[in-house]
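Q: I am new to this structure and would like to learn how to read it. Could you take me through its features one at a time?

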Amino acid sequence: MKTVSAFIAYQCKRCGRMHYPFHDRCMDCKGREFEEVKPQGNAKLLTYTAIFSLPCGFDQRFLILGVAEFEGNVKALGQVKADSVDQLKVGMIVKSSWEPIRFQSGEDVYGLKFEPLE
Ligand SMILES: [Zn+2]
């Protein structure tokens, strides 16, 4: 069995502001109705960091995490596909995908991944 929860952002039906993760009320207009949208494709890398002490379930030695911004001002945290942070720079374009990021309790856990395009 696989645990898949799609990556979804929430767009306010009143003012159009994007929210991710979900908020009860719009941060701009306090609206309560949202439309689910799925950010896809390319995003811009805003920040990144390498983590060296990983919980069990990860088979790599370290992990690079980044925050990238999609169209519509949606920012999301994901795992960056790179061997080293030396290959990365702020502002570079990354391709997003939804993939297994680790194996936990016999199941694949899915998450957002970013692949540098430069
Ligand atoms: Zn709003």
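Q: Is lysine 113 buried or exposed?

A: Buried means under 20% relative accessible area, exposed means over 50%, and partly exposed is in between (1.4 Å probe, protein chains only). Accessible areas come from the Shrake-Rupley method with a 1.4 Å probe, and for residues only the protein chains shown count as cover. Lysine 113 counts as buried because its relative accessibility is 14%. This is a predicted model: local features need pLDDT of at least 70, side-chain atom pairs count only at pLDDT 80 or more, and totals for chains, interfaces and linings use all residues. Residues are numbered from 1 along each chain as its sequence is written, and side-chain values use heavy atoms, with hydrogens and water left out.

Q: With which residue does lysine 113 form a salt bridge?

A: A salt bridge is a side-chain nitrogen of Lys or Arg within 4 Å of a carboxyl oxygen of Asp or Glu. Here the partner is glutamate 99, with the closest N and O atoms 3.7 Å apart. Glutamate 99 sits in strand S7 and lysine 113 in strand S8, so the pair ties together parts 14 residues apart in sequence. Glutamate 99 is partly exposed, at 22% relative accessibility.

Q: How many helices and strands does the chain have?

A: Helices (H or I, at least four residues) and strands (E, at least two) are DSSP runs, numbered from the N terminus. This chain has 0 helices and 8 strands. Its C-alpha atoms fill a box of roughly 45 × 35 × 20 Å along the principal axes. Of its 118 residues, 31% count as buried.

Q: Where is histidine 19, and what lies 3.0 Å from its side chain?

A: Histidine 19 is in strand S2. It is buried, with a relative accessible area of 1%. A polar atom of its side chain lies 3.0 Å from the backbone nitrogen of methionine 27.

Q: Which residues form the positive surface patch?

A: Patches are made of residues with over 30% relative accessible area and no salt bridge; like charges are joined within 9 Å, and nonpolar side chains (Val, Leu, Ile, Met, Phe, Trp, Tyr) within 5 Å. Lys and Arg count as positive and Asp and Glu as negative, while His and the chain ends are not counted. The place of a charge is NZ of Lys, CZ of Arg, CG of Asp or CD of Glu. Here the patch consists of Arg14, Arg25, Lys30 and Arg32. Arginine 25 lies in the loop between strand S2 (18–19) and strand S3 (34–37). Arginine 25 is partly exposed, at 39%.

Technical notes: A polar contact is a pair of N or O atoms within 3.5 Å; within protein, one must be able to donate a hydrogen and the other to accept it, and residues adjacent in sequence count only if both atoms are side-chain atoms.
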